[in-house]
Amino acid sequence: MGRDTIAEIITSIRNANMDRKKVVRITSTNIAEKIVQLLLREGFLENVRKHKEDNKNFLVLTLRPRTTNKRSFINMLNLKRISRPGLRIYSKSKKIPRILGGMGIVILYTSRGLMTDREARLEGIGGEILCYIW
């Protein structure tokens with residue numbers, strides 16, 4: 001049985017967020033780097049750097065802290081895996097869901113690579129819905 005690298009990335013970030021950690025280390029793959037670049041561009045991550053240890057490459061992610069009235073800093077980041085190896089979920093460009101009325105993002109794998117829901121709607125293309133982030 002193969003590994004689901006996208007689910008591992010999402011789970012690592014979600015677990016670090018729930019444990020209130022600021023730094024997450026994930027294994028570096030091509031798809032991981034593209035997803036992390038989307039998260040960085042959309043403002044869900046503060047910083048990303050590559051780290052090499054014993055001939056293995058890792059990505060070190062710094063989560064962006066959110067301020068609230070009750071606590072000084074809390075990481076509020078929700079991620080949900082949609083399409084998985086056993087059940088692929090596809091969507092046309094007009095049927096791509098909006099998360100929290102556009103506040104969250106949907107990461108899609110399209111014929112032109114990974115992109116967010118807004119970019120896919122502008123391009124007029126659909127694809128496989130990988131995950132929701134809000």
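Colleague: Is Asp117 buried or exposed?

Modeller: Asp117 counts as buried, at 2% relative accessibility. Buried means under 20% relative accessible area, exposed over 50%, and partly exposed in between, with a 1.4 Å probe and protein chains only. Keep in mind that this is a predicted model: local features need pLDDT of at least 70, side-chain atom pairs count only at pLDDT 80 or more, and totals for chains, interfaces and linings use all residues. Residues are numbered from 1 along each chain as its sequence is written, and side-chain values use heavy atoms, leaving out hydrogens and water.

Colleague: Which residue meets Asp117 in a salt bridge?

Modeller: Start with the general idea. Side chains of opposite charge can pair when their charged atoms come close. The cut-off for a salt bridge is a side-chain nitrogen of Lys or Arg within 4 Å of a carboxyl oxygen of Asp or Glu. Here Asp117 pairs with Arg121, at 3.5 Å from N to O. Both sit in helix α3, four residues apart, so about one helical turn separates them. Arg121 is partly exposed, at 22% relative accessible area. Helices (H or I, at least four residues) and strands (E, at least two) are DSSP runs, numbered from the N terminus.

Colleague: How many salt bridges does the structure hold?

Modeller: Ten. One of them joins Arg118 to Glu42, with the closest N and O atoms 3.1 Å apart. Arg118 is partly exposed at 36%, and Glu42 is partly exposed at 25%.

Colleague: What does Arg88 form a salt bridge with?

Modeller: Glu128, and the closest N and O atoms are 3.1 Å apart. Arg88 lies in the loop between β4 (79-81) and β5, and Glu128 in strand β8, so the pair ties together parts 40 residues apart in sequence. Arg88 is partly exposed, at 42%. Glu128 is buried, at 9%.

Colleague: Which residues touch the most other members of the largest nonpolar core?

Modeller: First, the term. A nonpolar core is a set of buried Ala, Val, Leu, Ile, Met, Phe, Trp, Tyr and Cys residues joined through side-chain atoms within 4.5 Å. The largest has 26 residues, and Ile13, Ile26, Leu61, Ile107 and Ile133 touch the most other members. Elements supplying at least two residues each include α1, α2 and β8 (127-133). Domain 1 (1-66) and domain 2 (78-133) both contribute, so this core lies between them. Those bounds come from an automatic or database domain assignment.

Colleague: How far apart do the C-alpha centres of the domains lie?

Modeller: The centres of domain 1 and domain 2 are 19 Å apart. Their contact takes 14 residues from domain 1 and 14 residues from domain 2. Contact means heavy atoms within 4.5 Å.

Colleague: What does Ser93 touch, not counting residues up to four places away in sequence?

Modeller: Ala120, Arg121, Gly124, Ile125 and Gly126. Ser93 is in the loop between β5 and β6, and is buried at 19%.

Colleague: Where is Ala16?

Modeller: Ala16 is in helix α1 (residues 5-18). It is buried, at 8% relative accessible area. Beyond neighbours within four places in sequence, Ala16 contacts Lys21, Val24 and Leu63. The C-alpha atoms of Ala16 and Leu77 are 10.0 Å apart, although 61 residues separate the two along the chain.
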